[in-house]
Amino acid sequence: MDYMKIYESWCSDPYFDDQTKEELKAIAADAAEIEDRFYRRLEFGTGGLRGVIGAGTNRMNIYTVRQATQGLANYILAQGGQERGVAIAYDSRQMSPQFAEEAALCLNANGIQTYRFESLRPTPELSFAVRELGCIAGIVITASHNPREYNGYKVYWEDGAQITPPHDKNILAEVAKVTEFSAVKTMSREDAQAQGMYRTIGSEIDDRYMEQLKKQSIHPELIPQAADKIRIVYTPLHGTGNLPVRRVLKELGFTNVYVVKEQELPDGTFPTVAYPNPEDEKAFTLALALAKETDADLVLATDPDADRLGVYAKDTKTGEYVSFTGNMSGMLVAEYVLRERTKTGTMPNRPALIETIVTTDMAKAVAAAYDTALIEVLTGFKYIGEQIRLFEQEHTYDYVFGMEESYGCLAGTYARDKDACVAVMMLCEAAAYYKLKGMTLWDAMLAMYETYGYYKEGLATLTLKGIDGAKKIQDMMSQARSNPPKTLGGYKVLAVRDYKEGIRKDLVSGETAPAGLPASNVLYYELENNAWCCVRPSGTEPKIKYYFGVKGTSLEDAQEKLAALEQDTKKKWDV
């Protein structure tokens with residue numbers, strides 16, 4: 001059936017509500033908009049759904065949410081997991097409560113128990129709840145840091161991590177089979193509650209989650225000593241972080257925490273920021289203004305579902321606030337954890353630090369300094385969560401810390417996804433530790449550069465929307481794969497890892513070897529002098545991403561090398 005016929009059926013079929021039909025009839029004269037909404041089903045990727053909110057098969061709405069949930073329900077039933085149930089959380093985005101409700105009622109209609117949070121919660125608390133309640137799966141309704149018009153649907157499995165093989169592919173296959181809305185089950189909330197299928201959870205899980213966060217503290221005794229000396233500005237960017245972040249800081253003893261009032265309350269329209277992403281400097285405008293007012297030591301922002309953390313720290317020499325990348329803040333916490341656990345004798349016997357392949361190479365130097373194994377995984381925190389499970393099953397390593405360049409990390413194994421709440425807590429503890437030594441976090445970062453090397457990383461993205469954009473992204477990857485560059489940014493390309501083909505080719509010797517990780521549409525270029533470049537399509541947005549890394553002799557040298565590498569990469573691939 002072509003997209004226009006599907007559009008017409010949505011406009012006339014009594015299955016769809018009047019509001020949906022009115023929205024669609026309003027675009028009757030816009031052929032391009034109709035095509036974009038109906039040329040495909042919203043793709044259920046290896047993590048779930050993400051898309052623009054609206055009516056249509058290629059949009060996030062109650063019908064596409066039910067359709068995906070029916071596929072998940074079919075898989076859970078095939079696994080015999082209906083009695084264990086599914087935990088469900090949602091963030092502050094538009095339609096999040098409704099999508100969470102629709103998912104729960106679809107599962108209930110299929111005979112599957114649900115545990116739905118009473119109000120919005122951070123994504124990492126959902127990860128924790130799945131394990132704490134012994135559920136077979138979890139769902140969180142969020143589009144993370146995407147613009148306001150988006151929402152999403154992420155699926156977790158019983159280990160508390162986002163779905164990984166074989167469950168991701170198997171669930172995707174079940175969702176693909178649900179082609180008719182008549183095959184989708186639902187029921188009323190009243191009936192679901194009367195049958196004991198629909199359960200509401202809240203404060204009891206919050207309390208247990210909070211206890212697990214505080215257990216990650218290494219030096220809780222230092223915090224009261226520094227509490228009146230350190231000032232923290234925090235913004236939840238209208239998302240889920242406000243209550244848990246403030247609570248954990250208060251319970252640990254931090255007293256000077258200033259919250260950006262204009263961004264304190266949940267609001268899915270994100271009225272004070274166009275892009276609620278702590279990677280974007282514009283998201284910090286209000287927080288930095290408050291920081292200058294209060295003479296804050298550090299400035300923190302969490303994204304709407306509180307799994308990513310952005311950081312600025314004061315440079316006392318200039319009085320200005322320095323922006324930290326996810327690599328920088330992650331390494332500060334990683335080194336603090338490894339060093340202090342070693343000093344206090346609380347390091348496990350077989351410690352391991354996990355990072356993704358596009359994360360800073362400084363992690364390798366830090367891990368080596370503390371005799372810790374360094375494990376690399378594909379991009380996506382779900383692969384870090386998967387490694388924690390494998391460590392436990394195979395008794396190979398003991399997880400100490402995991403991080404990715406995209407502003408996410410996890411201390412502890414209580415959850416299996418990145419957690420901005422624990423990141424805030426650990427970073428503030430590290431700030432207190434350094435404050436008592438007369439140092440800021442920026443001083444500590446400079447000390448790390450001096451000790452381990454001046455590592456610098458960057459990211460460039462190209463957004464290509466719609467049918468033509470998706471095809472162009474695939475064409476660009478094919479071209480890069482068939483014509484590998486011999487140099488990038490003045491660096492000789494030593495080897496190419498093609499994770500889709502599963503091959504690492506040494507361009508010097510011509511020898512090939514296994515790439516060493518699962519198949520994924522990723523190209524990684526090993527360059528001379530500790531530099532590298534990686535290219536991959538985004539898994540959640542219509543983008544192709546280019547990552548770069550260098551090692552310099554100073555901050556200035558590293559920045560110059562990074563700029564040259566980025567410029568040459570963009571030129572070679574017309575970014």
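**A helix across a sheet**

Let's start with helix 15, residues 381-394. Helices (H or I, at least four residues) and strands (E, at least two) are DSSP runs, numbered from the N terminus.

Some ground rules. This is a predicted model: local features need pLDDT of at least 70, side-chain atom pairs count only at pLDDT 80 or more, and totals for chains, interfaces and linings use all residues. Residues are numbered from 1 along each chain as its sequence is written, and side-chain values use heavy atoms, with hydrogens and water left out.

Two strands pair if DSSP finds at least two bridges between them. Strand 12 (residues 351-356) and strand 14 (residues 398-404) run parallel and are joined by 5 bridges. In that pair, P351 stands opposite D398.

Next, the loops. A cis peptide bond joins P165 and P166, with omega about 5°. P166 sits in the loop between strand 5 (150-157) and helix 7 (167-177).

Two residues other than glycine have positive phi. A306 has phi near 55°, and H395 has phi of about 55°. Where do they sit? A306 is in the loop between strand 9 (298-302) and strand 10 (309-315). H395 is in the loop between helix 15 and strand 14.

Is A306 buried or exposed? A306 counts as buried, because its relative accessibility is 0%. H395 has 57%, so H395 counts as exposed. The cut-offs: buried is under 20% relative accessible area, exposed over 50%, partly exposed in between, with a 1.4 Å probe and protein chains only.

**Empty space**

On to voids. Rolling a probe the size of a water molecule over the atoms shows where empty space is left. The search uses a 1 Å grid over the protein atoms alone: a cavity is a set of points where a 1.4 Å probe fits but cannot get out, a pocket is an open set with protein on both sides within 12 Å along at least five of seven lines, and lining residues have an atom within 4 Å of a point. A volume is the space filled by probe spheres set on the points.

How many cavities of 30 Å³ or more are there? The count is 4. The largest cavity holds about 90 Å³. Of its 15 lining residues, L309, S329, Y407, C409 and A423 are closest to the centre. Helix 13 (326-344), strand 15 and helix 16 (420-435) each supply at least two lining residues. Helix 13 has the largest share, 4 residues.

Last, the second largest pocket. Its volume is about 370 Å³. It is lined by 16 residues, and I6, W10, T179, E180 and F181 lie nearest its centre. Helix 1 (residues 3-12) gives the most, with 3 residues.

That's my tour. Questions welcome.
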